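Reader: I am new to this structure and would like to learn how to read it. Could you take me through it step by step?

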Amino acid sequence: MHRLLIGAMALVLGSVSAGAQSLDDLNIQIHGYATQGFLYTTNNNILTTSSSNGSPAWTEAVLNVTSQPSPKLRIGVQGRYFLLGNLGNEITLDWAAADYKANDRFGVRFGKVKTPSGLLNEIQDIDPSYMWSLLPQSVYQITSRNSLLAHYGGVVYGTLKLGQNLGKLEYRGFGGEREIGTNDGYLLNQRESGLVLPNGIGGPTYGAALHWRTPLPGFMIGASDTKITRWNSALTDGPYSGSETLYPFQLPNYFARYEKDKVMVAGEFARLPVRGQLTLTGLPATPLALDQRSWYVMASYKLTDKLTAGVYDSQSVDHQAALGVARHSFDWAISGRYDFNQYLYAKAEQHFINGTELDYDTDMNPNGLQTSTRLTILKIGVSF
């Protein structure tokens, strides 16, 4: 599927280039950003960094190139360099897509496209667009951003007017193939225990999303649902051999956002009910079970033209886990952002975390995990 989509993209790009009279006809734009973060924690190391000693091991650089050879057709690609502790340190393809918008009611894009699930998934790759240093980790885990952001396939989308007193309905339908890479945060502790999936795990996925722009200005209510089919992958590297299987499951998200003047308030609920089976050579199959229920509420206020402050409460509970601190993660965050000018900005964020369900690498915490962690983040970014 990947080769077919890449070939189709190359055909579109070649056709556009052949038909264009000059570079001006392509309306090429180049944009990007770079950020450098610093993390410090009490008690536990977090996000695969040595944060209890203070860690600058969080660097990101993004570059995208887009072209609009005709009013209805847009083509683009985005690459990303990412380093977070022991994760990344490589350049990856965020997305590469051709987008044809016939009119407000119907459009289609294909390639490696952003997955329109949840409230914030499609902006995970645009750090300058939001004030938070970390999006709520209960739903948008940064160690799995590459897996969550996009899929190989297509999206159909459009906006339907419901009448003067009913607002608008934005729809998105999507399908294709998704990958959870071998270095993804979801597989980190499994990999460190010797259960290595060298090709990651993935397969077909599809779903839909609806956003209702209500008659109340600035108020949107929405929902999305993602269907994962049966996924299989082989354990071939490391000390164990065998296979891992994920049975079909659905990932629903329900969300709302209200924006007016200087105020923004939003919230979201998501569920990740995973069932599967781990089969090691010569041993009986072991069932896999996860029922993660996550939510957050957030609010921000623009204090001045350059300074914005905000707060969120982000919580996650695995209903399949044993009782104890490893069953949940409760995270209060206080954040601020200052824009020096249109290109340079800085963020500061303080997290108060209780529980160890999310974001912790067992190898980075050889003496075990403490119940609570205080996380301080400083980040500076430049965009163009």
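This is a predicted model: local features need pLDDT of at least 70, side-chain atom pairs count only at pLDDT 80 or more; totals for chains, interfaces and linings use all residues.

Reader: Happy with that. How many helices and strands does the chain have?

Author: Helices (H or I, at least four residues) and strands (E, at least two) are DSSP runs, numbered from the N terminus. Here the chain has four helices and 18 strands.

Reader: What can I say about the overall size of the chain?

Author: Along the principal axes, the C-alpha atoms fill a box of roughly 60 × 55 × 40 Å. Another guide is the radius of gyration, taken over C-alpha atoms; the globule rule is 2.2 Å times the number of residues to the power 0.38. For 384 residues a compact globule would have a radius near 21 Å, and the chain agrees because its own value is 21 Å.

Reader: What share of the residues is buried?

Author: Buried means under 20% relative accessible area, exposed means over 50%, and partly exposed lies in between (1.4 Å probe, protein chains only). Of the 384 residues in the chain, 46% are buried. For the surface, areas come from the Shrake-Rupley method with a 1.4 Å probe, and for residues only the protein chains shown count as cover. The chain exposes about 18,300 Å², with carbon and sulfur atoms supplying 59% of it.

Reader: And how do I read contacts along the sequence?

Author: A contact means heavy atoms within 4.5 Å. Take the contacts with a separation of 6 or more: residues 24 or more positions apart account for 61% of them.

Reader: How far apart are the mean positions of the positive and negative charges?

Author: Lys and Arg count as positive and Asp and Glu as negative, while His and the chain ends are not counted. Each charge is placed at NZ of Lys, CZ of Arg, CG of Asp or CD of Glu. In this chain, the mean positions of the 31 positive and 32 negative charges are 7 Å apart.

Reader: Now the strands. In which sense do β7 and β8 pair?

Author: Two strands pair if DSSP finds at least two bridges between them. Strands β7 (residues 168-180) and β8 (residues 201-213) are antiparallel, with 13 bridges. To find one on screen, look for R172, whose bridge partner in β8 is A209. On to β9 (residues 219-228): nine bridges join this strand to β8, again in an antiparallel pair. Here Y206 stands opposite K227 of β9. The two strands β8 and β9 make a hairpin with five residues between them, and G218 in the turn has a positive phi of about 85 degrees.

Reader: Which strands does β13 join?

Author: Its antiparallel partners include β11 (residues 242-246), through five bridges, β12, through eight bridges, and β14 (residues 286-302), through 16 bridges. You can trace each pair by an example: E244 is opposite L278 in β13, A256 has G267 of β13 as its bridge partner, and E268 is opposite Y296 in β14. The hairpin of β13 and β14 has five residues between the strands, and G282 there takes a positive phi near 85 degrees.

Reader: Which residue takes a positive phi in the hairpin of β12 and β13?

Author: That is D261, in a hairpin with two residues between the strands. D261 is not a glycine, yet its phi is near 55 degrees. D261 counts as exposed because its relative accessible area is 77%. N27 is also a residue other than glycine with a positive phi, about 50 degrees. Look for N27 in the loop between α2 (23-26) and β1 (29-41); its relative accessibility is 44%, so N27 counts as partly exposed.

Reader: Is S117 buried or exposed?

Author: S117 is buried, because its relative accessibility is 12%. S117 sits in the loop between β5 (106-114) and α3 (145-149). Leaving out residues up to four places away in sequence, S117 touches Y140, S224 and T226.

Note on methods
Residues are numbered from 1 along each chain as its sequence is written. Side-chain values use heavy atoms; hydrogens and water are left out.
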